[in-house]
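Have the viewer open as you read, and take the points in order.

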2 protein chains.
Amino acid sequence: MSKGLTSRSEDYSQWYNELVNKADLAEHSSVRGCMVIKPYGYSIWEKMQAVLDQKFKDTGHSNAYFPLFIPKSFFSKEASHVDGFATECAVVTHYRLKNDGNGNITVDEDAKLEEELIVRPTSETIIWNTYKGWIQSYRDLPLLINQWANVVRWEMRTRLFLRTTEFLWQEGHTAHETADEAIAETKQMLDVYADFAENWMAMPVIKGNKTANERFAGALDTMCIEALMQDGKALQAGTSHFLGQNFAKAFDVKFTSKEGKQEYVWATSWGVSTRLMGALIMAHSDDQGLVLPPKLAPIQVVIVPIYKGDEELANISAEVEKITSALKFKGISFKYDNRDTQRPGFKFAEYELKGVPVRLAFGGRDLENNTIEIARRDTREKQTISRDGIADMIENLLEEIQINIYSKAYSFREENTTKVDSYEEFKKILNENGGFISAHWDGTSETEARIKEETKATIRCIPLNNPQEEGVCIVTGKPSKERVIFALAY
Amino acid sequence: MSKGLTSRSEDYSQWYNELVNKADLAEHSSVRGCMVIKPYGYSIWEKMQAVLDQKFKDTGHSNAYFPLFIPKSFFSKEASHVDGFATECAVVTHYRLKNDGNGNITVDEDAKLEEELIVRPTSETIIWNTYKGWIQSYRDLPLLINQWANVVRWEMRTRLFLRTTEFLWQEGHTAHETADEAIAETKQMLDVYADFAENWMAMPVIKGNKTANERFAGALDTMCIEALMQDGKALQAGTSHFLGQNFAKAFDVKFTSKEGKQEYVWATSWGVSTRLMGALIMAHSDDQGLVLPPKLAPIQVVIVPIYKGDEELANISAEVEKITSALKFKGISFKYDNRDTQRPGFKFAEYELKGVPVRLAFGGRDLENNTIEIARRDTREKQTISRDGIADMIENLLEEIQINIYSKAYSFREENTTKVDSYEEFKKILNENGGFISAHWDGTSETEARIKEETKATIRCIPLNNPQEEGVCIVTGKPSKERVIFALAY
């Protein structure tokens, strides 16, 4: 608390790392690439989970749990799937340790598994192997299941929340009678994610389709939501995949249709992860610390007494009790920080760092004047106001903050979305400003790969309801019918 | 549904396996020893989690998340801990697969880990290694953290929920200034578990201490709650451990006390797991299926229409809507099953199997008479009653069922708890009746081990507030001051 954060303009990446640590969100563990999610960070994740979980249930899904381990052979059953994940797998080969007699603990070679187990990087294979037993008839469909779980993808370069070897996520896996139904589900869940990102995280997103190069390994189509971070880099915040019949065929999952025919089932999968924590942090926070949207803030209002002596504190506490009762009644979460081990200035800095949306400071003079000082985290404005109707005022302010945070992020994105019509301009914007770049592309994987190699920019998505316009590819000059969104990305 | 369950008296173990499968609670996966928790089973587990999580928060704990993997060397730092867990570990040795060129996927030997990683069987070591960075001063204490996670203990003989290689659980890990505080925490969390078992699961438990032989590997004291299943076997339903300074010393976690001294921290850990699902099933269920306590039933009331033709169904549905509105208002969960693909009899059997506490059947005659048939799952009694005030009546009935299920289990336990004063009688009761056996024991590990070897019975616990009485050990005849509880156990 004594030292401030590195500023974003000075070193954005350093700012992020310091913020994650100092705001008690997460830290690196002693296990390479794995993070510890600290209590304050986890309490934000719990709020995210609760909202998403309710949305999944409202759209007819149930939770279930499938094994952490996947037999190596399952993995190979869907060819593109194994290609996509084999190079980043944690492999369990033994099931016992032993004491070597010299006091050292070693792997017991007598306990070698006949078939290695993969720690799940995603669960399509184990789940479709299970669905085979659950689906016989059209009456068993649709099957709408979600799982909250940890997954492991071995990463060489990791960053807290954004890219870690182990992360927490949810993965939906659904089975349908027809391709149309599965496609509708894919879109529905993308809408759920977009709604969550925009209306809870206060983070505007572009919904779109991935190009073939960027598709999930095993999908026919990958839809995504893409958000823009304050450093001008894009972050993929959620994906929803139409898997066609690939996994049904790989695991032989057929159903008897209403017409009595045997048909393969149609599938989707969709997921968001603790990566959303990284997005939330980077979308809104400033050089003083976290800025949390009120709807996801574990503490929405903090109250700090400023007093001399026990008697004044008692008088202030009695008045604070009236405020907190009113907040409680409205379902607004709060913390009354009357610790005597820290000064008010220290507490102010701490709650700024932790992104608490509204701070009340209650001093001796406020007792006499029926006033209180109220400060909002997003704009850092403060004013002294009457305590009459304070809970209503806070309720409205929380809504205003939620909207303001969104608007600010929206304006930022608009200001940092650039239409370009030449490769030169593309590279110039990418280097000097970053942001989303809207440009024509000839639709080939080759050109996409060339752009990525030469500039590191990728096609983030082909937006939904994309305006159709005649144009030429910025690289090859070949004809194009629509612009796509490029960016450097996390 | 067509075939009933094997009865408990016929084959208890078979009854359990069939029930878990047929009531859609869980099934064996293709991964040896790992289970799939099916949506209906998982929804019960979610209710358990929600209640326990709130209790943990009400007692001041926060959730956090620690890595799945533990470096092998951490494991060895606490000697008795590694002895307890080393023989049942999943070991990750590699981090990549590769295609061998012949289309086979094999482990890439170039991607061998320098130090093997253990899939956590419990998290004391990784957590205490983390706490070292979090604890400097008495101001950082107590540290009260819980984690919801999956853990892996390699099991050779597995049973759904009761003993699986992977299971879900929560593990609390707390750090304190003094031994007294840590002991108080250990007891508090045992009380939380006992309260949950008795007042939510409707399952009476005996609170007590484990003997040295049965202690958690690394604990100074293990407290437990023990429940009695319908086949006369005991089930350990939760444990709370006083760890002393063992892990603080192993990981060098010291704090500066109020007096300015450097001292090792005192620790506890405590956990319950998906094993509780097995306990819930075996404590109450009957030959028709599950019997769920209303407080943990995902569906508390099911309503089945019995009708001829669409018009009658429409009229019934309109009246049912009035009932369900009233239930909703009271926060009672319900399902109106108007599927036309199944007959009422089929539905009745299905909801009996799934343990729904209250079933309403609404027929054509009920329309005219302002009546409805109500059936309770616990006693299987049914009666036709007036629909006036039906929601109040159901609310009371759910409470009554909750109490009745508990009472029944309590009576069963009392009837199956036997005081014995000779080894001969001990063996006779154990073989002919089972249940809890209260007997004098000389307090030595040797005698305890002998009894276990000769009879398979273990000391379940030394009950709290155990009456002190003079007696002699049933095996050695040596003096004893109190009886302890023996049983065969899951």
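This is a predicted model: local features need pLDDT of at least 70, side-chain atom pairs count only at pLDDT 80 or more; totals for chains, interfaces and linings use all residues.

1. Now zoom out to the core. The largest nonpolar core has 291 residues. Ile225(A) is among the residues with the most contacts inside this core, along with Ala197(A) and Ala227(A). Chain B shows up in that list too, with Ala197(B), Ile225(B) and Ala227(B).

2. What about chain A as a whole? Chain A has 490 residues, and 46% of them count as buried. Its secondary structure comes to 14 helices and 26 strands, and its C-alpha trace spans about 80 × 70 × 55 Å along the principal axes. If you take the contacts in chain A between residues at least 6 apart in sequence, 68% join residues at least 24 apart.

3. Next, look at where the chains meet. How many residues of chain B are in contact with chain A? The count is 51, and they touch 51 residues of chain A. On the chain B side, those residues divide into 30 nonpolar, 13 polar and eight charged.

4. One last thing to pick out between the chains is a strand pairing. Strand S5 of chain A (residues 91–94) pairs with strand S5 of chain B (residues 91–94) in the antiparallel sense, over three bridges. Within this pairing, look for Val91(A), which stands opposite His94(B).

Technical notes:
Residues are numbered from 1 along each chain as its sequence is written. Chains are lettered from A and ligands numbered from 1 in the order in which they are written. Two residues are in contact if their C-beta atoms, placed from the backbone, lie within 7 Å. Ala, Val, Leu, Ile, Met, Phe, Trp, Tyr, Cys and Pro count as nonpolar, Asp, Glu, Lys and Arg as charged, and the others, Gly among them, as polar. Two strands pair if DSSP finds at least two bridges between them. Helices (H or I, at least four residues) and strands (E, at least two) are DSSP runs, numbered from the N terminus. A residue is buried if 20 or more other C-beta atoms lie within 10 Å of its own, exposed if 12 or fewer, and partly exposed in between; C-beta atoms are placed from the backbone. A nonpolar core is a set of buried Ala, Val, Leu, Ile, Met, Phe, Trp, Tyr and Cys residues joined through C-beta atoms within 7 Å.
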